[in-house]
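Subject: Handover of a structure

Hello,

Here is the structure I promised to pass on. Please have it open while you read; my notes follow below it.

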Amino acid sequence: MNVMQTRTAKREGDSVKLTEAVDSAPEQTRNNGPEPPSAPLHSLDTLWFQVGGTICNLWCSHCFISCSPKNHSFGFMARESVAGYLQESRELGVMEYYFTGGEPFMNRDLPDILADTLALGPATVLTNGILINERVARRLRKISDESIYSLEFRVSIDGVTPAENDKIRGKGSFDKALQGVKNLVDAGFLPIITIAQTWEECQGDRIFQGFTELMRSIGYTRPRIKVIPPLRIGREKVRARGYDRDETVTSEMMADYNDRLLQCTSSRTATDKGVYVCPILIDYPDALLSDRLSDSTVPYPLRHQACYTCYISGAICHNFSG
Amino acid sequence: MQKITDEKIAVFGGVYNNYLALAALVADTKRRGITKLYCLGDLGAFGPTPDKVYPLLRENQIQVVQGNYDNSIGNGLNDCQCGYTDPRDNHFAQISYDYTFANTSDEFKAWQRGLPKEIRLQFGGKRVLLCHGSPRQTNEFLWESTTSNHFLEKQLSDFDADVVLATHTGLHWQRELTGDRLFANVGVIGRPENDGTTNVWYAVLSAHDGVDLEFVPLDYDYQRLAREMEDEGLPSEFAQTARTGWWTTCLEILPVKERLRGTF
């Protein structure tokens, strides 16, 4: 855990180099001043699995948990571990399951894990698409066909051209991701193209139209597109900027606010190290709640500045959120 | 809780201003000898001339649960609270809402404001809960492919019901649950079901030793509805849906399995 220790030792204003040891320096966390407001878990509707750990075949410059081929802060989740959480989730009335990483398909157990999951409920995989070749896509289709539940894929692409995308996600990643999308579409899926917003607001329509045309050019005739706001932690803090001092959630801001818009009021994230409050905050030791789902239902203080992004933008991690 | 001794009741969702389908439903249930009709809300949207729905509801003593649309219209809100998240969905939803709000009488709005969030029945020895989206949230989408059994079972336990009937998504489905319990989405009578047929759907709940739920296809004069939509200046996409049975708008909220059944 040297990486984690290095990260938590960082302070606002320290110089940050883009290296494995320090590129996940967390944003400023309030250690003094007023108590942060607390978010209750109203119901455990969504269970996330950090199934790919922090291990990824890409090294994206905006990754909020700084995943890479070398980041082993979190490891792959074993099929048995996922099965244990799935079993526990039944008693808690979980509605749906999400799988993320790292890159989930680097975990070779993922297809079996998805089959186990789809026997119980719907599943969504957040992927960069690179490892979804034709054979994998056909197998996924078979798994999907055997379930009454939806199997969704969210494929991340961050630009409408190789130049735009690859400067964030790495050389060659655009073509490979596009091929993964095409393989999913050819297998009969309708992947949700997920774009992290790295452009100015005024560019929104151009980007949206560009992605629509890009998808149609590869035969994806009714593309589904989701834009997510930047989370200014991890490498994104270095690529663009961190949070401003006043970008924080206060008790006053929670008055008359529908806290169900916050992901942490309806979900938890299982990892190989235990259950965390949400998939965004796994780099923060205080976000580790328990080993068991049933013990992770405690309220969580919104003390991190990444909580501000959820507050402003709503449950950004869900497939259907604004 | 109302105790119902009838052998059958009819339950339907989403009128969406489609007074022609509502009149057809009244006639169809009469033929079947059903006298108790329950609507699960969303009286407005999609179709033309909202006020034509009101007398049909009153004359036939139809009991109505308040949907998100009715709450918005009744309380003069700026949007329908449909729960869409994609701008493409919201674009058409807003056109429909603005039209419905502008063409609903004050009396009908006041009536919608006073509708209950849920109706509870004792029927066939079962505790039946009628709601709009889900027992816990008026505008919750419960799609067949994204709603786990254990979620439904917990909802029924939490809300002390053996049978829950909901609508809101526009697509009908039902699932038997443990303990001889049942959840059903009764669909809507306002818009066809994105399957290339022009009919709409409602549900008949029968009491015997327990309850059975049967989905009933309902034909109505969809050509007339489409013409009246055009006469009212509503988007051509809406009339196209009425004529073809394929959804052309508000598609982005669909999960993949439901989306794949349609053509758009």
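How many residues of chain A are in contact with chain B? The count is 19 residues of chain A, against 17 residues of chain B. Contact here means that C-beta atoms, placed from the backbone, lie within 7 Å. On the chain A side, nine of these residues are nonpolar, five polar and five charged. In these classes, Ala, Val, Leu, Ile, Met, Phe, Trp, Tyr, Cys and Pro are nonpolar, Asp, Glu, Lys and Arg are charged, and the others, Gly among them, are polar.

Some ground rules. This is a predicted model, in which local features need pLDDT of at least 70 and side-chain atom pairs count only at pLDDT 80 or more, while totals for chains, interfaces and linings use all residues. Residues are numbered from 1 along each chain as its sequence is written, and chains are lettered from A and ligands numbered from 1 in the order in which they are written.

**Chain A**

Chain A holds 10 helices and 11 strands. Both are DSSP runs numbered from the N terminus: helices are H or I with at least four residues, strands are E with at least two. Of its 322 residues, 47% count as buried. A residue is buried if 20 or more other C-beta atoms lie within 10 Å of its own, exposed if 12 or fewer, and partly exposed in between; the C-beta atoms are placed from the backbone. Take the contacts between residues at least 6 apart in sequence: in chain A, 74% of them join residues at least 24 apart.

Start with the sheet. It is open, with nine strands in the order S7-S6-S5-S4-S3-S2-S8-S9-S10 and mixed pairing. Strands pair if DSSP finds at least two bridges between them. Strand S7 (224–228) and strand S10 (288–290) of chain A are the edges, each pairing on one side only. On average, neighbouring strands are turned by 30° against each other, direction ignored. Inside the sheet, S2 (46–49) and S8 (267–271) of chain A run parallel and share four bridges. A:Leu47 has A:Arg268 as its bridge partner in S8(A). Helix H7 (204–217) of chain A lies across S6 (192–196) and S7, at about 145° to S6(A). For such angles, axes are lines fitted to C-alpha atoms, for helices over the stretch in contact, and the range is 0 to 180 degrees between N-to-C directions.

Now two helices. H5 (162–169) and H6 (173–186) of chain A pack at about 105°, their axes 8 Å apart. H5(A) and H6(A) are therefore roughly perpendicular to each other, a label for angles of 65 to 115 degrees. A:Pro162, A:Asn165, A:Asp166 and A:Arg169 of H5(A) meet A:Ser173, A:Phe174 and A:Asp175 of H6(A). By class, that contact has two nonpolar, two polar and three charged residues.

A:Ile168 also sits in H5 of chain A. Is A:Ile168 buried or exposed? A:Ile168 is buried, because 22 C-beta neighbours lie inside 10 Å. Beyond four places in sequence, its contacts include A:Cys60, A:His62 and A:Thr198.

A:Gly102 is in the loop between S3 (96–99) and H3 (110–118) of chain A.

**Chain B**

Chain B has an open sheet of five strands, ordered S4-S3-S2-S10-S11, again with mixed pairing. S4 (63–64) and S11 (210–218) of chain B are the edge strands. S3 (37–39) of chain B pairs with S4(B) in the parallel sense over two bridges. B:Cys39 is bridged to B:Val64 in S4(B). Helix H1 (19–31) of chain B lies across S2, S3, S10 and S11, at about 130° to S11(B).

There is also a hairpin. S8 (173–177) and S9 (181–185) of chain B run antiparallel, joined by five bridges. Three residues lie between the strands, and B:Gly179 takes a positive phi near 75°.

Two residues stand out by phi. B:Asn17 and B:Asp42 are not glycines, yet each has a positive phi of about 70°. B:Asn17 is in the loop between S2 and H1 of chain B. B:Asp42 is in the loop between S3 and helix H2 (53–59) of chain B.

Best wishes

Notes:
Two residues are in contact if their C-beta atoms, placed from the backbone, lie within 7 Å. Angles under 35 degrees count as roughly parallel, over 145 as roughly antiparallel, 65 to 115 as roughly perpendicular and the rest as oblique.
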